Each structure stands twice: as structure tokens, then as C-alpha cells.
Amino acid sequence: MLIISNYIILKNGLINTYQEKELGIYKRYNPIIQELIEELRGKQHEFDNHLQALKLMLADDNLNENIDTIKNYIKDLEIKNDLGNLIKLDNKILASLLYSKKKKSEEKGTILNIEIKNYMMQFKNYELVEIIGTLIDNALETKVDKNIVYLKIHKENDMNVIEVKNKHPYLSQNVILNMFKKGFSTKSGNRGYGLYNLKNIVNAAKGTIEVSNLKDEIDEENYVAIKIRIN
């Protein structure tokens, strides 16, 4: 009976802790969700104008000559419309997190490109916020000129994949092996707990973390990519 009583107390304590964390996340991000909705409403007129421009190009007699122009125009619109992609997310907490990070990147003069191919990620809100928030913050805090950050949320073989890459000097194998250890950091003034906590969450979910250096084919710069796979 004592063992059963202790188990019930422990279980209820964990449930209450989980509920408190979830409630805290909702309180924090609900105002940001409203801000995102208002901004999207404000952009409606802008996209109506783009739609009108496309219609005019399609109605032009020289349509074949305009194909490349139309393709490039649509590509530019897709890049600008990443806020529209956020509202499609089933998880509105994640949508508001990405919106706030987008704003933060603009303040820093950094480009944050968001590509979402998986709109139905099922995960605890506070853990998802910590994983993606840590990855983006880590990418934004690099003191690299004209930094560019790419976030991609998609699926690979039924696995949820979160991938962030950013412009960064080449990381040695020694740094990669130690970057998720408690207290380790390559940034001055940073206590190095973000990636350590992220690793614990991913491990608890039986996920994997992969870190690699990638040379960009266009600008020939080195990028550091962190890819997380979770069931």
C-alpha cells in the first residue's frame, strides 16, 4: 500500500508539473498568436496586388517569354509567404514561436528562412518549444557577418525531422563531440545549457541528433547543420 501510495503521489506530481509547463507556454505565446493573425490580415491587400500582377502576366500575348519571369515571381512570393505557412501549422504554439523568432532575426539583421513540410508534428508543447527555440537561438547567436539561418520541418521515413543550418566557421570533430555536454560553449558569456537540455529531451524521446559541416553550393560558405529525428 505504501508503494502504491508513493506511486500515485509521484504520478500526480508529474502530471501537475507537465500541466503547469503547458499552461505557462500557452500564457506566454497566446498574445503572439494574436499578433501573427493581425499581421497576416494586414498582408492580405499586399498579396491581392501580387495576384493581380500574376494575372496580367498570364494574360499577356507573350506568355511563353514570360514563363521564367512568372516562375521567379512565384518563387519570391513563396519566400515572403512563410508567415502564411505558419498559420497552417496544427500546433499554434509552434506557429507563434516561429513568428517570434522571425521577428528576432529581423531585429538582428539575419535572414531566417522557414520551410515546413510537416504540419502535424505531435509533441509536448514545452519540449517542442525548447528544441526548436534552442536550435534557432543557437543559430542566431553566431557572430557571423550576413548570417543566414534555415529551418526545415519535415518527415523522413515516418520520422519527424527538425533541421537547422546556419552560416558558421568550420566546426572541428572535437567541438562537435563536446557541444552537447553540460557547460560547454564556444560563445563567450554563454553557460552552455541550451544544447545540453536539448540533448536530454531528444534522448528521452529516443531520437537522434546529427551535426555536420556543409559547404553551400551557391555562396561557397560553410554552414553548420543540426538535424534531429524523433518518432
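Helices, counted as H or I with at least four residues, and strands, counted as E with at least two, are DSSP runs numbered from the N terminus. Every view below shows a predicted model.

**View 1. The open sheet has 5 strands in the order 1-2-3-5-4.** Pairing in this sheet is mixed. Strand 1 and strand 4 are at the edges; each has a single partner strand, so one side of each lacks a neighbour in the sheet. From one strand to the next, the twist averages 15°. Helix 5 packs on the sheet and touches strand 1, strand 2, strand 3 and strand 5. The direction of helix 5 makes about 20° with that of strand 3. Helix 7 also packs on the sheet, where it touches strand 4 and strand 5. Its direction makes about 125° with that of strand 4.

**View 2. Strand 3 pairs with strand 2 and with strand 5.** Strand 2 and strand 3 run antiparallel and are joined by 8 bridges. In this pairing, Lys 152 stands opposite Glu 163 of strand 3, and Lys 155 has Asn 160 of strand 3 as its bridge partner. Strand 3 and strand 5 are likewise antiparallel, with 8 bridges between them. Here Ile 162 faces Ile 228 in strand 5 as its opposite residue.

**View 3. The hairpin of strand 2 and strand 3 has 2 residues between its strands.** Most residues other than glycine have a negative phi. In this hairpin, Asn 157 takes a positive phi near 50°. Asp 158 lies in the loop between strand 2 and strand 3, and its phi is positive as well, near 65°. With a relative accessible area of 67%, Asp 158 is exposed.

**View 4. His 154 is a residue of strand 2 (residues 148-156).** Its relative accessibility is 8%, so His 154 counts as buried, the cut-off for buried being under 20%. Leaving out residues up to four places away in sequence, His 154 touches Lys 117, Asn 118, Met 159, Asn 160, Val 161 and Glu 163.

**View 5. The largest nonpolar core has 40 residues.** Leu 98, Ile 131, Ile 132 and Leu 151 have the most contacts inside this core. Two or more residues each come from helix 4 (92-107), strand 1 (111-116), helix 5, strand 2, strand 3 (159-167), helix 6 (173-178), helix 7 and strand 5. Helix 5 gives the largest share, 8 residues. Apart from neighbours within four places in sequence, Ile 131 is in contact with Phe 123, Ile 162, Leu 198, Ile 201, Val 202, Ile 228 and Ile 230.

**View 6. Helix 7 (residues 194-204) has Leu 195, Leu 198, Ile 201 and Val 202 as its buried residues.** Seen down the axis of helix 7, these residues fall within an arc of 120°, so they line one face of the helix. An α-helix has 3.6 residues a turn, so residues three or four places apart point the same way. The buried residues of helix 7 pack against helix 5 (125-140), strand 4 (208-215) and strand 5 (222-230). Lys 206 follows helix 7 and has a positive phi, near 55°.

**View 7. Lys 146 is in the loop between helix 5 and strand 2.** Lys 146 is not a glycine, yet its phi is positive, about 55°. The relative accessible area of Lys 146 is 72%, so this residue is exposed, the cut-off for exposed being over 50%.

**View 8. Tyr 150 and Tyr 223 form an aromatic pair.** A search of the whole structure finds 1 such pair. A pair of aromatic rings is described by the distance of the centres and the angle of the planes. In this pair the ring centres are 6.2 Å apart and the planes are at 55°, so the pair is tilted. The pair links distant parts of the chain: Tyr 150 is in strand 2 and Tyr 223 is in strand 5, 73 residues apart. Tyr 150 is partly exposed, with a relative accessible area of 29%, whereas Tyr 223, at 2% relative accessibility, counts as buried.

Terms used:
Residues are numbered from 1 along each chain as its sequence is written. This is a predicted model: local features need pLDDT of at least 70, side-chain atom pairs count only at pLDDT 80 or more; totals for chains, interfaces and linings use all residues. Side-chain values use heavy atoms; hydrogens and water are left out. Buried means under 20% relative accessible area, exposed over 50%, partly exposed in between (1.4 Å probe, protein chains only). The arc is that of the directions from the helix axis to the C-beta atoms. Contact means heavy atoms within 4.5 Å. A nonpolar core is a set of buried Ala, Val, Leu, Ile, Met, Phe, Trp, Tyr and Cys residues joined through side-chain atoms within 4.5 Å. Two strands pair if DSSP finds at least two bridges between them. Axes are lines fitted to C-alpha atoms, for helices over the stretch in contact, and angles run from 0 to 180 degrees between N-to-C directions. Rings of Phe, Tyr and Trp (its six-membered ring) pair if their centres lie within 6.5 Å; planes under 30 degrees apart count as stacked, over 60 as edge-to-face and the rest as tilted.
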